[in-house]
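The following exercises examine one structure, each with a worked solution. Please study the sequence and the model before reading on.

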Amino acid sequence: MDRDAFKNAKILVVGGAGFVGSNLVLKLLELNPAGIVVIDNLLSSEASNVPADSRVRFIHGSITDDSILQGIPDDLDYAFHLACYHGNQSSIANPLADHENNTLTTLKLCERLKDAPSLKKLVYAAAGCAVAEKTYDDAVATTENAPVSLFHDSPYSISKLIGEMYGNYYNRTHGLPFVKARFQNVYGPGEILGAGQWRGTAHTVWRNVTPTFVWKALNREALPLENGGQSSRDFIYVEDMAEGLIRCALAGKPSEIYNLASGKETTIFELARLINLCTENPQPPKLIPARDWDRSGKRFGSTDKANRELGFKATVDIDEGIARLVSWTKQNYSMIEYCIRRHDRL
């Protein structure tokens, strides 16, 4: 795989101030691009995440803003679309905001880039949860060709699938080189609890389970285990995710889907145990009822296709990844605490 393709390349990262986006930008900078344009409305992210590098140009705003869209360079080589309305719970609380920041962003970006003459790939952040089987029985690895249901637990899940469909349409109709990267549960340094603006629910602060558990464990709180912690997820470290996105851009086939996954199933009970052990939290977990909207149960992603076609394999196991995240959280404790406390509605 010729990573020199990024040398002197012009790159767009929509959502580049976010958790995954900022880690991707850091990894892209190592490949000596000519420049990276980062567009982010900071709805669920912090400008401090954007790397301070002369090759990075940060534009504060939404990709749905026509003036921002028209300001995108015409001679882009690669684009990554990672912007979204963060989280299932936020989308349930405000489906219209989810549409504005999840569905419309994808449509308008595709329309803008459909005739970009030098664009080699547009990589889209799809959601593995949107196609995973809803089960609490033994999980089977979700493949890229898993059937898609018409019944979903959240507007977020619906929006992510609509994004895939728009990508298919623009690829077939206009030849847009749209590649779909299905995320599993990404975790690691850079995910700031409370980042961005209030979005109507406490999940503005308490985001994905991993950083929430790490924060609570460091503060000697009992980790809440919904439904006994029997649900399972495929946890993939953020640097592995960034590498997978780069490989989608280099080797992914337009209109194809690739799971970016560890391929390993970890229960939420086991995650809590690992985090309590790493943080030396003496508090036993607290059992609470399952979320009434969530039927996602157990799941993990198949890695066969991404390994075969992209040469991608996650390298950071969850024990090492949790240790790195705990260390980063301790080093950035004051900043995270500030972001949490500014949401005084909690």
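At 8% relative accessibility, Val 37 counts as buried, where buried means under 20% relative accessible area, exposed over 50% and partly exposed in between (1.4 Å probe, protein chains only). This is a predicted model, in which local features need pLDDT of at least 70 and side-chain atom pairs count only at pLDDT 80 or more, while totals for chains, interfaces and linings use all residues. Residues are numbered from 1 along each chain as its sequence is written, and side-chain values use heavy atoms, with hydrogens and water left out.

**Exercise 1.** Describe the surroundings of Val 37.

Solution. Begin with the element: Val 37 belongs to strand S2 (residues 35-40). Strands (E, at least two residues) and helices (H or I, at least four) are DSSP runs, numbered from the N terminus. Next, list the contacts, meaning heavy atoms within 4.5 Å. Leaving aside neighbours within four places in sequence, Val 37 is in contact with Ile 11, Leu 12, Val 13, Arg 57, Ile 59 and Pro 73.

**Exercise 2.** Determine where Lys 298 lies and whether Lys 298 is buried or exposed.

Solution. First, locate the residue: Lys 298 is in the loop between strand S13 (286-288) and helix H9 (304-310). Second, consult its relative accessible area, which is 17%, so Lys 298 is buried. Third, examine its partners. Apart from residues up to four places away in sequence, Lys 298 touches several residues, including Glu 133, Tyr 136, Asp 137 and Glu 265. The C-alpha atoms of Lys 298 and Tyr 136 are separated by 5.5 Å, although these residues are 162 apart along the chain.

**Exercise 3.** Identify the residues with the most contacts inside the largest nonpolar core.

Solution. Start from the definition: a nonpolar core is a set of buried Ala, Val, Leu, Ile, Met, Phe, Trp, Tyr and Cys residues joined through side-chain atoms within 4.5 Å. The largest such core has 41 residues, and Phe 6, Phe 80 and Leu 245 have the most contacts inside it. Helix H7 (residues 238-251) provides the largest share of this core, with eight residues. Then consider Leu 245: beyond four places in sequence, its contacts include Val 20, Phe 80, Val 123 and Leu 260. Finally, a second, separate core of 28 residues includes Val 205, Trp 215, Ala 272 and Ile 336.

**Exercise 4.** Explain why the pair of Tyr 187 and Tyr 237 is classed as it is.

Solution. Recall the criteria: rings of Phe, Tyr and Trp (its six-membered ring) pair if their centres lie within 6.5 Å; planes under 30 degrees apart count as stacked, over 60 as edge-to-face and the rest as tilted. The whole structure holds six aromatic pairs. One of them joins Tyr 169 and Tyr 170, edge-to-face, at 5.0 Å centre to centre with 90° between the planes. Tyr 169 is partly exposed at 42% relative accessibility, whereas Tyr 170 is buried at 4%. For Tyr 187 and Tyr 237, the ring centres are 5.6 Å apart and the planes stand at 70°, so the pair is edge-to-face. Because Tyr 187 lies in strand S7 (residues 185-187) and Tyr 237 in strand S10 (residues 235-237), the pair ties together parts that are 50 residues apart in sequence. Both Tyr 187 and Tyr 237 are buried. Together with Phe 235, Tyr 187 and Tyr 237 form one aromatic cluster.
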